[in-house]
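Me: I am new to this structure and would like to know what stands behind the words used for it. Please set each value against its definition.

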2 protein chains.
Amino acid sequence: MEQQRTYSISDLSREFGITTRTIRYYEDQGLIRPERKGRQRIYSRRDRTRLKLILRGKRLGFPLKEIGEIIDMYNGERGEARQLRHMCARIRDDRAMLLRRRDEIDAVLREMDAIESQCLNSLAEHGE
Amino acid sequence: MEQQRTYSISDLSREFGITTRTIRYYEDQGLIRPERKGRQRIYSRRDRTRLKLILRGKRLGFPLKEIGEIIDMYNGERGEARQLRHMCARIRDDRAMLLRRRDEIDAVLREMDAIESQCLNSLAEHGE
DNA sequence: CGAGCCAGTGACGTTTACGTAAAGGTAAAG
DNA sequence: CTTTACCTTTACGTAAACGTCACTGGCTCG
């Protein structure tokens, strides 16, 4: 049986904790293209996962334009060899960046650990 | 021997690949406070590492205001217990966020691996 | 001593990612 | 039939993070 669930714009706004304005803005920027029943927007499951990807991209710090490009590329028809090679190159770049970013996060986490234990030590002395 | 090196604004702009305008803007926002020789800005080693921290904060997606707060807090006098407890709480929150972000990065990396091998497979078939 | 640099201070412009308000369409519920 | 609850478009507003421009003030090199 087909999972033919659909969502209204406010369904999605509630689910993801964003405003309808934001969702419409993403559409304006060409990031989602929901169907219409008359003027009303009807979001499919695919639209919903697209939105999820957009929000994840945002949390990773990508600008909306790039997010659109990336999602389209990763979903797009990968027919020709040129396309495929281009995609591989992009993946390598993106991965390198993400790895750098993850390393930075790890560095910060280690520093935070150090500071926290200093903190807790001071508190223990004080508290004694 | 004291490492009393100092830097001009263009030294730092070159080193970090940002414009002097950017550095001055950070000063405007209270993120760095270099000394002055007359009107000229003189940056110490501490200023330089501060700048490095700012840029790292940016790459991690923090807004400048928060970056300032965080750096100040982590450098600040941690005397009173209230302060210390506040700091521990903040560290816990920040750490949780960073961990979530790192998990997301890992998820994206895994997906990229999958897509890349698909890509390479297609290329192999085509190329054959 | 003038030309070429680098540094500094406004101050206005720009881009991104929305917020917010105005004005209205539709459909069910009281 | 009006109120309520959503939905729509249009359009101006805004905060963050700079870019850009205009003008000014030392230095120093030939």
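Me: What makes you say that residues of helix 3 of chain B meet residues of helix 4 of chain B?
Reply: Two residues are in contact if their C-beta atoms, placed from the backbone, lie within 7 Å. By that test B:Arg50, B:Leu53, B:Ile54, B:Gly57 and B:Lys58 in helix 3 of chain B meet B:Ile67, B:Ile70 and B:Ile71 in helix 4 of chain B. Five of the residues in this contact are nonpolar, one is polar and two are charged. Here Ala, Val, Leu, Ile, Met, Phe, Trp, Tyr, Cys and Pro count as nonpolar, Asp, Glu, Lys and Arg as charged, and the others, Gly among them, as polar.

Me: How do you know where a helix begins and ends, and what kind of model is this?
Reply: Helices (H or I, at least four residues) and strands (E, at least two) are DSSP runs, numbered from the N terminus. The model is predicted: local features need pLDDT of at least 70, side-chain atom pairs count only at pLDDT 80 or more, and totals for chains, interfaces and linings use all residues. Residues are numbered from 1 along each chain as its sequence is written, while chains are lettered from A and ligands numbered from 1 in the order in which they are written.

Me: Why is helix 3 of chain B called oblique to helix 4 of chain B?
Reply: The two helices pack at an angle of about 130 degrees, with their axes 10 Å apart. Axes are lines fitted to C-alpha atoms, for helices over the stretch in contact, and angles run from 0 to 180 degrees between N-to-C directions. Angles under 35 degrees count as roughly parallel, over 145 as roughly antiparallel, 65 to 115 as roughly perpendicular and the rest as oblique. Therefore helix 3 of chain B is oblique to helix 4 of chain B.

Me: Which hand does the crossing of helix 3 of chain A and helix 4 of chain A have?
Reply: That crossing is right-handed. A crossing is left-handed if the near helix is turned anticlockwise from the far one by less than a right angle, and right-handed if clockwise. In chain B, helix 3 also passes helix 4 in a right-handed crossing.

Me: Why are the two copies said to be related as by a two-fold rotation axis?
Reply: Chain B can be laid on chain A with an RMSD of 0.1 Å by a turn of 180 degrees and a shift of 0.0 Å along the axis. The copies are thus related as by a two-fold rotation axis. Superposition is by least squares on the C-alpha atoms of residues with pLDDT of at least 70 in both.

Me: How do you know that the copies meet through the same surface?
Reply: 100% of the interface residues of chain B are also interface residues in chain A, so the surface is the same. In this interface, 28 residues of chain B are in contact with 28 residues of chain A. Helix 5 of chain B gives the largest share of its side, 22 residues. That side of chain B divides into 16 nonpolar, three polar and nine charged residues.
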